[in-house]
Amino acid sequence: MHEMAVLNFGQIDPAIESRVDELLARMTLAEKIGQMNQGDVALMDDPDATIREGCVGSLLSIADPSAINHYQRIAAAETRLGIPLLIGNDVIHGYRTIFPIPLAEACTWDPALLERAARIAAEEASACGTNWIFAPMVDISRDPRWGRIAESAGEDVFLGMTLAAARVRGFQAADLASGKRVVACPKHYVAYGAAEAGRDYNTVDISERTLREVHLPPFKAAFDAGAGSVMSAFNDVNGLPATANPLTLRTILRDEWQWHGVVLTDYNAIGELVEHGIAEDLRAAARLSVLAGVDMDMITNALGAHLADLAARGEVPEALIDAAVRRILRLKFKLGLFDRPYVDESLAERIILRPDFRVAALDVARKSMVLLKNDGQLLPLSDTTRRVAVIGPLADDRHAPLGCWAGQGRADDVQTVLDGLRAVALQGVAISFARGCDVTGDRSDEIDAAVAAARAADVAVLVIGEDAKMSGEAHSRVHLGLPGKQQALLEAVHTTGTPVVVVLMTGRPLVIPWLAEHVPAILLAWHGGMTTGRAVADLLWGHANPSGKLTASLPRAEGQIPIYYAHKNTGRPAQGAGTRQFDEAFRSTYLDEPNTPLFPFGFGLSYTTFAYDDLVIETPRISRDGMLIARAVVRNTGRQAGDEIVQLYIRDDVASVTRPVKQLQGFQRIALQPGEQQSVRFVIPVQQLGFYGSDMQYGVEPGSFTIWIGPDSARGLTGRFEVLAERAAT
Ligand code: NOJ
């Protein structure tokens, strides 16, 4: 495959360092502090004057290219030193061409495809003047109550690392059509996804081992891929807010990882140190955040207001300010801003919504949707289907598919499921539509019409779930069933006896036990971006074969949360599926539900079937610095071509600290024609299989390991290998 050229902001370039030295030497303390301030022109009394005085190093949430050029001109041409601005924006799942939400994108398990999606977002953003993208969001999330699970890659560390790196490469592509550069900002550093009870911004209290093994690795992967900045999170971690946390911001980021990028806080996170109760006022908050390792303040203006005084009184060493400004200037030089500060205002028209971008969005959408159930091969709809009733409040909704954070996306660009089904249907197929009810609220007066439509049809396609506002930042939920009257609508349509296909549109894993039991076919479409309708239609009519697999477990009940496949075994593990406390007393189970999820991590069906055979471990005994090599034969045993996502899991059977029952360590998406088979081979550095011991040092311990190669986290061929204490004899 063609390797795209990518910018690496992690490397130190002596030529740039000397330009930074020269500039830094000419700066006053006030000018330095100005660089550490990120502002929003919409909230400034006199933005022109503030920028002209050198009080701002960066702007956020500004999209109009001519406005960006206006402010950039003031910074570059009218300030004493002519330092251009970083222009930062949230580009979460597309800029104007809107892709599926990141959680859905992750279900493609296709890093190359997501690299391209991120690159397309960067193409559009950069053509409009953005040079700093506040993404990827790399928080591991194991709690579907948390609304921001929609922005994440899901529950898994290895997948999260792989996709974090892919997205950084895409955003930081070196050869964007604008001729300009973009820097990525992985967020939210760190452990933001571990909020207690899934409530956004809530406290995080986890072991240092969990921090290092689960939450830090995707950030490290993003930096290794060249990411030039990071956003410090709102939450506190083990007693210290992430925006004033010397362990994570200084010891780990700078001392251990030797990373040279810029730390930007999240929105008013310095100000919130007062609410956290670790600073008596903004001045103290400014001091704590800079001492801990923050370089730039998003929006609080705490540094602008107090840092000069803190430095004058010796409460913050000037060397820390110099180091922060050095990192900011380095980023600006690397972005080429001093040489080319302005954006060509005619570019946007040529680049925004390019037809090939739309094709890519459709490709991602089709590959991101997960077929959860397909009893009796109800799908794909057959040629004999003549009357389709499309039902549900989301079937013709142009907003929901855009998802929780659609950047510059517009509802007018969206193809709804109803649009898509009509566009793709064979001639002579009659498509009726009934909304049935609202997404939320108690109105149910349209349910009768929906029932009548279902009765008159060969098949009912119900498009139900969450609207775009039910997930994302500050949108956590505790009831994860179908909202409003949608369950009543579903049950009413089901009683007609007309076969029902549910298209589930959602920003998070929902709790859907009734649906899973009673409805024969379920396609989890997520919030699939602007081509959602076409993607759903292609999958339902069989013009494309579903291939997405879950990257977050679907619970049976909210009470199972947090739920994730890579859990520990406990000393009293469930035997079988659990729930039999009285038969098997005193096990780690529930009285009223099995421990297992309704649908496990890695799960997804296809219109074809795949068989796994012949697991071969080529390296049954390996040294700690060796490579694990294993393979299995995967065969398409059905009658259609299809993609399969082959997954490899490992368990360290006995270790000095407890280890997860399995951990994903490799995956491959392969395409197979009917009857075709492929030997799928994995080569995995043994060093990847390590963990943090009781001394908090990373390492691989010798001993026995179990391996699985299979279609999801609950199934697979299994074998054993051994890691040797000594180097293997060759
Ligand atoms: C707060 C969000 O947590 C963060 O993800 C975002 O980048 C900033 N606001 C800026 O909009």
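Reader: How many of the eight residues of helix α9 (residues 217-224) are buried?

Author: The model is a predicted one. A residue counts as buried when its relative accessible area is under 20%. By that criterion helix α9 is mostly covered, and the number of its eight residues that are buried is six.

Reader: Which residues of α9 are buried, and what covers them?

Author: The buried residues of α9 are P217, P218, F219, A221, A222 and F223. Their cover includes parts of the chain on either side of α9 in the numbering, namely α7, α8 (208-215), β6 (229-232) and α10 (246-256).

Reader: Are E105 and R167 buried or exposed?

Author: The cut-off for a buried residue is a relative accessible area under 20%. E105 has 5%, and R167 has 7%. Because both values lie under the cut-off, E105 and R167 are each buried.

Reader: What separates R119 and E123 along helix α6 (residues 111-127)?

Author: R119 and E123 form a salt bridge, with 3.1 Å between the closest N and O atoms. R119 counts as buried at 12% relative accessibility, and E123 counts as buried at 5%. Because they are four residues apart in helix α6, what separates them is about one helical turn.

Reader: Which residue of the salt bridge between R534 and D538 is partly exposed?

Author: R534 and D538 lie four residues apart in helix α21 (residues 532-540), so about one helical turn separates them. Their side chains meet at 3.0 Å, N to O. D538 is buried, with a relative accessible area of 2%. At 34% relative accessibility, the partly exposed residue is R534.

Reader: Where does G57 lie, and which residues does G57 touch?

Author: G57 is in the loop between α3 (47-52) and β2 (58-60). With a relative accessible area of 0%, G57 is buried. Its C-alpha atom is 8.7 Å from that of I33, a residue 24 positions away along the chain. Not counting residues up to four places away in sequence, G57 touches G34, Q35, N37, P84, L85, L86 and K332.

Reader: Which residues is S547 in contact with, leaving aside its neighbours within four places in sequence?

Author: S547 is placed in the loop between α21 and β17 (610-617), and it is buried at a relative accessible area of 5%. Apart from the sequence neighbours, the contacts of S547 are K367, M369, D643, I645 and R669.

Reader: What is the radius of gyration of the protein?

Author: The protein has 21 helices and 26 strands. The globule rule gives 27 Å for 730 residues, and the computed radius is close to that, so the protein is as compact as a globular protein of that length. The C-alpha trace spans about 75 × 65 × 50 Å along its principal axes. The radius of gyration is 26 Å.

Reader: What share of the contacts with a separation of 6 or more comes from residues 24 or more positions apart?

Author: Of the 730 residues, 60% count as buried. Among contacts with a separation of 6 or more, residues 24 or more positions apart account for 77%.

Reader: How far apart are the centres of the positive and negative side chains?

Author: The accessible surface comes to about 26,600 Å², with 49% of it belonging to carbon and sulfur atoms. There are 70 positive and 89 negative side chains in the protein. The centres of the two sets lie apart by 4 Å.

Technical notes:
Residues numbered from 1 in each chain as written. Predicted model: local features only at pLDDT ≥ 70, side-chain atom pairs only at ≥ 80, totals over all residues. Heavy atoms only, no water. Helix = DSSP H or I, 4+ residues; strand = E, 2+ residues; numbered from the N terminus. Rg over C-alpha atoms; globule rule 2.2 N^0.38 Å. Buried < 20%, exposed > 50% of the residue type's maximum accessible area, 1.4 Å probe, protein only. Contact = heavy atoms within 4.5 Å. Areas by Shrake-Rupley, 256 points an atom, 1.4 Å probe, with all protein chains shown as cover. Lys, Arg positive; Asp, Glu negative; His and termini not counted. Charge placed at Lys NZ, Arg CZ, Asp CG, Glu CD. Salt bridge = Lys/Arg side-chain N within 4 Å of Asp/Glu carboxyl O.
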